[in-house]
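Have a look at the structure first, then read on.

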Amino acid sequence: MFMPVLSGLIVSVDAFFIGLSLGLQKKCKFLYLVIINAFLLGLCVLGFFIAEGIYESIAFDTDLIVGFSFIALGLWYMLHYFVSAHLKHRRGHTETENASLKTIVLVGLVMSAEAMLITIGITFIFLPNSTFAIPLTVALAHFGYSALSFHLARTKYAKRINPVFSHVISGLALIIYGLMALFVEFGI
């Protein structure tokens, strides 16, 4: 029971930085974050039941799928940030520009889909001993981390944080979880 909960807490660290970036947007209200996380909870529960349903139909070990998927997701997350930041810089845009409501909704959808994939991955690794604590931990950790950082972003101290740190740490958290899944597979 302890390891699935710990896994949910570790891989939800990226939500801290998503909440931070949303908190720095003047258009984003805390209510939006609550709505995003309610939707996220629903997707986590759905992911838990999907994982249980398809686990037996996968011909090879799911730890490998989970491990390599999260490593790829973490690398993509960091690479995507650096490429988009480079393109914005070339076009003369600044990091402090405010996101539109459409962008906030898109961030919420991506965060929710990522949390569902996290739930599926953790469920795969710990099946047949997976419990409903997995989707609840992932969803509550996402909400806790993002709410805390959202409020921190409204202080004068968080405004000085370089955005590159949040993207690199989020990507590394996903990569570390992927490595943990591979370590489980190889017994390291």
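## The overall layout

Reading along the sequence, you get the pattern α-α-α-α-α-α-α. That comes to 7 helices and 0 strands, where helices (H or I, at least four residues) and strands (E, at least two) are DSSP runs numbered from the N terminus. Of the 188 residues, 41% are buried, meaning under 20% relative accessible area with a 1.4 Å probe, protein chains only.

Some ground rules: this is a predicted model, with local features needing pLDDT of at least 70, side-chain atom pairs counting only at pLDDT 80 or more, and totals for chains, interfaces and linings using all residues. Residues are numbered from 1 along each chain as its sequence is written, and side-chain values use heavy atoms, with hydrogens and water left out.

Among the buried ones are F17, I18 and L20.

Helix α2 (residues 14-23) and helix α6 (residues 133-153) cross at roughly 35°, and their axes come within 7 Å. Those axes are lines fitted to C-alpha atoms over the stretch in contact, with angles running from 0 to 180 degrees between N-to-C directions. On the α2 side, the residues that meet α6 include F16, L20 and L22, and on the α6 side they include Y145, L148 and F150; contact here means heavy atoms within 4.5 Å. By class, this contact has 9 nonpolar, 5 polar and 1 charged residues.

## The second largest pocket

What lines the second largest pocket? Y32, I35, I36, F39, L101, I104, V105, G108, L109 and S112 do. A pocket is an open set of points on a 1 Å grid over the protein atoms alone, where a 1.4 Å probe fits, with protein on both sides within 12 Å along at least five of seven lines; lining residues have an atom within 4 Å of a point.

Helices α3 (30-54) and α5 (101-126) each supply at least two lining residues, and α5 gives the most, with 6.

## A closer look at I120

I120 is also part of helix α5. Is this residue buried or exposed? At 12% relative accessibility, I120 counts as buried. Leaving aside residues up to four places away in sequence, I120 touches G47, I50 and A51. The C-alpha atoms of I120 and Y55 are separated by 9.6 Å, with the two residues 65 apart along the chain.

How values were computed. Ala, Val, Leu, Ile, Met, Phe, Trp, Tyr, Cys and Pro count as nonpolar, Asp, Glu, Lys and Arg as charged, and the others, Gly among them, as polar. Buried means under 20% relative accessible area, exposed over 50%, partly exposed in between (1.4 Å probe, protein chains only).
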